[in-house]
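Trainee: I would like a close look at a single part of this model. Please take me through one residue and then its wider setting.

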Amino acid sequence: MTPTARPSQHAPELRAAARHFGRRRFLTVTGAAAALAFAVNLPTAGTAAAAELDAAKITDDPFTLGVASGDPQPGSVLLWTRLAPAPYQPDGGLPAQRVTVRWELAHDENFRRTVRRGSATAHPEFHHTVHVEVGPLAPDRVFYYRFRVGSWISPTGRTRTAPLAHSRVTGLTLAAVSCQAYHDGYFTPYAHLAQDDVDVVFHLGDYLYEYAVDAVGGQRKYTDRTLPDAFNRETVTLEDYRLRYALYKTDPDLRAAHAAHPFVVTWDDHETENNYADDTPENNVPPEEFLLRRASAYRAYWEHQPLRRPQLPEGPDMRLYRRLPWGRLAQFDVLDTRQYRSDQAYGDGAQLPGPDIDDPARTMTGATQERWLLDGWRSSRALWNVVPQQVTFSQRKLDLNAVAKLSMDAWDGYRASRRRILDGAKAAGIENLMVLTGDVHVGYAFDIKDDFDDPASRTLGTEIVATSIASGRDGSDKPANWTTYTTANPHLKFYNGRRGYVTVALGEDQARADFKTVPYVTRPGAPVTTAASFVTGVGEPGLRPA
């Protein structure tokens with residue numbers, strides 16, 4: 001990474017505390033928790049210390065950030081909301097008091113057939129967010145949910161449970177999304193996704209960007225509002241990240257998509273900082289200080305996403321990789337390729353390949369996560385083994401030279417790590433492997449080859465790359481490097497540079513991917529079209545036009 005000196009935005013006493021804890025001690029649970037408590041002024045006695053707020057005193061709608069659900073399991077659902085009557089204020093418009101939130105789950109959207117109801121506490125220490133795990137519930141069912149605070153009622157959300165782990169399932173339709181830079185345009189693809197018929201949405205990272213958003217919302221060019229100055233700076237502190245989530249979640253199209261479908265989320269880099277790797281930041285700051293920033297980013301991420309309790313971070317550490325079964329049809333192994341990776345080789349960016357990218361000591365996932373993935377494949381009985389993750393997995397030559405440059409941030413920069421993953425898939429007998437990817441702001445469809453330099457080598461699986469929701473502005477159907485990339489990479493079967501999302505229908509005989517795009521995001525209201533469709537057969541990996 002290229003170091004860039006930048007004045008720290010952390011208070012001097014916070015920087016001193018980080019240095020006092022030290023890099024290794026900071027990575028311990030005790031050190032990290034203590035440092036984070038110092039950073040955000042959490043009460044050491046726990047979250048029950050705050051007094052309770054009389055909900056009748058909330059005079060403005062507290063559900064400005066909508067509702068969400070996530071990580072469907074066979075017997076339970078996870079419901080989320082955050083109370084924020086004034087979302088652009090640091091305190092969200094609420095005092096530092098806990099609030100009782102009532103919730104309902106029903107079979108119907110009119111709530112005539114209630115299944116479960118209860119209450120939860122929105123703690124100020126968690127920025128008045130609520131994560132409710134509701135169960136036991138019947139598997140493979142659609143449910144509707146809402147929240148109440150005082151006289152206020154939230155929008156209605158729709159969610160579902162997963163099928164039983166070993167049950168027969170004939171079909172599943174997922175959507176994959178990524179990369180939603182608010183300042184690059186409107187979230188129009190989400191408006192269409194909210195109306196689409198899918199079972200679950202996988203968000204593959206860059207849910208928010210740390211970059212400044214000016215008063216007119218960047219390329220949105222607002223004329224009907226002025227955004228506060230608090231957004232016109234890079235996110236560094238916990239308050240910064242919390243405010244940025246509030247900005248993003250006030251977008252009506254994002255709120256509509258969350259209300260319509262359960263999400264399974266994983267992060268990439270921009271939820272914290274561009275192209276960071278483990279405890280190595282992009283900028284020239286001490287690792288222990290960066291870990292304070294990472295702790296703030298991770299905490300705000302958990303607070304604002306529909307994640308379950310095991311994902312609650314401890315200081316700068318957060319177990320985000322996890323496994324979700326969908327009957328015998330599919331197993332989803334959700335990866336985290338940021339938190340444990342080795343630093344990018346050769347200064348990051350597009351570089352000529354060298355011995356470092358084949359160094360077996362370097363890793364994209366960390367040894368523990370890699371073992372978890374390969375062990376999970378060995379015990380998998382699913383027809384489809386799907387890996388939602390962040391950066392391009394397949395080889396992607398960036399030019400037509402005899403020795404082409406590769407991206408050091410993608411799996412091309414970690415070839416030994418990729419080789420272990422592919423060898424593990426072969427050893428486990430995984431016949432229907434699918435990798436879901438985000439990051440690059442374009443749509444790709446790759447055949448995953450055993451040897452990417454030999455087009456005749458065995459095809460081991462399929463990689464579907466979801467384009468961005470807004471990042472990269474309007475884009476184009478054929479970017480300037482389209483001919484170069486498609487020529488240099490014969491296993492690349494599709495390349496489109498518009499904004500949008502992709503749906504994948506998994507069945508017992510084949511999988512079908514539909515790449516859905518919009519012609520513009522720098523103004524609202526774009527229509528959606530299907531740019532291309534591909535299928536890959538069960539036991540016959542390799543993409544062909546539908």
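Trainee: In which loop does Arg338 lie?

Mentor: Arg338 lies in the loop between β13 (330-334) and β14 (350-351). Strands here are DSSP runs of E with at least two residues, helices are runs of H or I with at least four, and both are numbered from the N terminus.

A word on the source. This is a predicted model: local features need pLDDT of at least 70, side-chain atom pairs count only at pLDDT 80 or more, and totals for chains, interfaces and linings use all residues. Residues are numbered from 1 along each chain as its sequence is written, and side-chain values use heavy atoms, with hydrogens and water left out.

Arg338 has 0% relative accessibility, so it counts as buried. Buried means under 20% relative accessible area, exposed means over 50%, and partly exposed is in between (1.4 Å probe, protein chains only).

Next, its partners. The side chains of Arg338 and Asp268 are joined by a polar contact of 2.8 Å. A polar contact is a pair of N or O atoms within 3.5 Å; within protein, one must be able to donate a hydrogen and the other to accept it, and residues adjacent in sequence count only if both atoms are side-chain atoms. Neighbours within four places in sequence aside, Arg338 is in contact with residues including Trp267, Asp269, Tyr276, Gln344, Val391 and Asp409. Contact means heavy atoms within 4.5 Å.

Gln331 lies in β13. Gln331 is buried too, at a relative accessible area of 10%. Its side chain reaches the backbone oxygen of Gly376 at 3.4 Å. Beyond neighbours within four places in sequence, Gln331 is in contact with Arg323, Trp377, Trp384 and Val386, among others.

Trp267 leads on to Met318. Trp267 is in contact with Arg338, and Met318 is in contact with Trp267 as well. Other contacts of Met318 include Tyr301, Asp336, Gln339 and Tyr340.

Met318 also belongs to the largest nonpolar core, which has 44 residues. Met318 is among the residues with the most contacts inside that core, as are Tyr182, Phe187, Tyr190, Leu193 and Tyr301. A nonpolar core is a set of buried Ala, Val, Leu, Ile, Met, Phe, Trp, Tyr and Cys residues joined through side-chain atoms within 4.5 Å. Elements that give two or more residues to this core include β9, α4 and α7 (287-304). Apart from it lies another core, of 32 residues, among them Leu204, Leu329, Val386 and Met434. Val386 is the contact of Gln331 named above.

Finally, charged pairs elsewhere. The structure holds 35 salt bridges. A salt bridge is a side-chain nitrogen of Lys or Arg within 4 Å of a carboxyl oxygen of Asp or Glu. One of them joins the side chains of Arg473 and Asp184 (3.7 Å, N to O). Arg473 sits in the loop between β19 (459-465) and α10 (482-488) and Asp184 in the loop between β9 (171-177) and α4 (188-195), so the pair ties together parts that are 289 residues apart in sequence. Arg473 is partly exposed, at 42% relative accessible area, whereas Asp184 is buried, at 11%.

Arg419 takes part in two of these pairs. Its side chain meets Asp423 at 3.1 Å, N to O, and Asp450 at 2.6 Å, N to O. The Asp450 pair links distant parts of the chain, 31 residues apart. Asp423 and Arg419 both lie in helix α9 (residues 415-427), 4 residues apart, about one turn of the helix.
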